[in-house]
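Have the structure open as you read.

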Amino acid sequence: MTLFRFNFSKIANKSLALCFMGCAILSTTVSAQSTLPKGNAASQLTKSKLIPKAFQQVEALNDKVIQWRRDFHQHPELGNSEHRTAGIVAKHLESLGIEVKTGVAKTGVVGLLKGGKPGPVIALRADMDALPVTERVDLPFASKVKTTYNDQEVGVMHACGHDAHVAMLMGVAEILASMKAELKGTVKFIFQPAEEGAPVGEEGGAELMVKEGVLENPKVDVIFGLHINSQTPVGTLTYRPGGIMAGVNDMKITIHGQQAHGAYPWSSVDPIVVSAQIVNNLQTIVSRSLNVTENPGVITIGSIHGGVRSNIIPEKVEMLGTIRSFTAADEKLFIERIKAIATKTAEAAGAKAEVQIPYSSHYPVTFNDITLTAKMLLSLQNAAGVDNVKLKPPVTGAEDFSFFQEKVPGLFYFLGAMPKGNDPLKTASHHTPDFYLDESSFVLGMKSLLNLTLDYFGN
Ligand SMILES: [Zn+2]
Ligand SMILES: [Zn+2]
C-alpha cells in the first residue's frame, strides 16, 4: 500500500476522520432562537419574493431529482473516482447554460451562474463520493458495485447520502438557472469529490479544492452546505451556531523501552507497562484540563501494538489515536498535554516516548459563522416551519466542509431523512450496510438551499 503524506499512513488516512454521522445525532427540543446572539440579525432579512415560484418548481422537479439520486445510488464511486457522477453533473449544468469547470481537485465540478443583477457570490456545495460498504438494503436501485479497496474486495455504496446531496443541488441549479435574469448575485455550485477521504497517497476533497482556488474568481462571499441525516426525522432541519462538528488530529505515540526475557522484567524497561500508564494518564486531559462546560472534547487511543509472544518484553509499543476538539484553543491544549503526558510518563519509567501529530491529518472545526447563522436562521425556518428547525448538540464526527469555512463564512446544517415514526436508535446510521434515506426529505433540502440563496441575495 502506498504511503499517505506522513509515515503512519494507514491510521492517519483522513478517511478515518470523516463525516461519520453514525453517532446517533439526534435533534434536541431546545428552542432554536434561544442560542442566538443578541441583536439577532434575522430581523434584517427580508423573505425573497422569488420563493413561491422557486417552491412550485421544487415540487415539479422532485420526481426528476429522485430519479437522479437513484441513478447515482446504483452507480456509486469512491473518492477521486467520481468520473461518471461528475460527467452527469457537468452535462446537466451545461444544459442549463451554467459556466462549467471540470477536473477541479481531480474529479470536482464547479458551475458558475451569474445573475442578471449585481450582488454577492454564494457557493453551494454538494459532496459526491461513496464508501467501501456493501449495501444490504432491499431496494430496486441498491448498489451491486464492487471494487478493490486497500487490497480488499469490497462493495461500494452511497452509505452517507452524498448521492442525495448531488441530486438536490442539481435540482437547485435548475431552478436558480430558470430565474437567472432576476438573481441579485452569482451562485457557484461546488460538486466536491472525496469528502470521505482521498485514497491513500492522494490529495483530495475540500482541502484540495480550496488549494486549487475554488473560492476565488469570483471570490466567494459565503458558503452554504447541508448533510442529510438518516436518524433525524424527515421534515426537520438541525443546525448549530459556532462549532457544529469537531476538528480532528490523528496521533501516533511510540514508546521505546529495553527488551528482556519476560521472566526477568527487572532487566527491561517495559514499554507495555508504560503504554498502559500513558493511556490512563491521557484520560485526565478531558476530565481535568478541558472546561467541559464550554465545549466537549475526545481523546481516544484506538490501537496498541507491541510484542510477539508471552515471555518476551518487547522493545517498543506503538499506539494510534484520534483527538477531537471544538476550538483552536482546545486543540492546542490537547496537543500540548498529550505531548507532555506521554513524554514525562515514559521518562519517569526510564523509557522514551515519541509523539507524532502530523498537520496533514488535521481537519478544522466545522464552524458556523455566528452572525451568518443568526442572519440565515429565518430562511431555514421559512423553509421548514419554525418548529421543525432545531438546535443540534455538537457532533464529534468531522466534515471537510470546514476547509471552506476556514476561508469564508459558512453555514452547514442537517436535513432529516428518517422515515416518520422510526426510532432513531433502531435506525441504521451512516456508513452502515443498512443505511436508508426517506426520499421525501429532498423537497425540504432543496427549499432550504433556495431560501438561503434567494434571501441572502435579497431578491
Ligand atoms: Zn460520511
Ligand atoms: Zn457524508
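## Ground rules

Contact here means heavy atoms within 4.5 Å. Helices (H or I, at least four residues) and strands (E, at least two) are DSSP runs, numbered from the N terminus. Axes are lines fitted to C-alpha atoms, for helices over the stretch in contact, with angles from 0 to 180 degrees between N-to-C directions.

This is a predicted model, where local features need pLDDT of at least 70 and side-chain atom pairs count only at pLDDT 80 or more, while totals for chains, interfaces and linings use all residues. Residues are numbered from 1 along each chain as its sequence is written, and side-chain values use heavy atoms, leaving out hydrogens and water.

## The sheet and its helix

Four strands make an open, antiparallel sheet, in the order S12-S14-S10-S15; two strands pair if DSSP finds at least two bridges between them. At the edges sit S12 (298-305) and S15 (352-356), each pairing on one side only. Neighbours in this sheet are turned by 20° against each other on average, direction ignored.

S10 (residues 247-256) is joined to S15 by five bridges, and isoleucine 253 stands opposite valine 355 in S15. Helix H7 (residues 328-348) lies across S10, S12, S14 (316-325) and S15, at about 160° to S15.

## Two crossing helices

The axes of H8 (residues 370-384) and H10 (residues 442-457) come within 8 Å and cross at roughly 135°. That makes H8 oblique to H10 (angles under 35 degrees count as roughly parallel, over 145 as roughly antiparallel, 65 to 115 as roughly perpendicular, the rest as oblique).

Conventions. Chains are lettered from A and ligands numbered from 1 in the order in which they are written.
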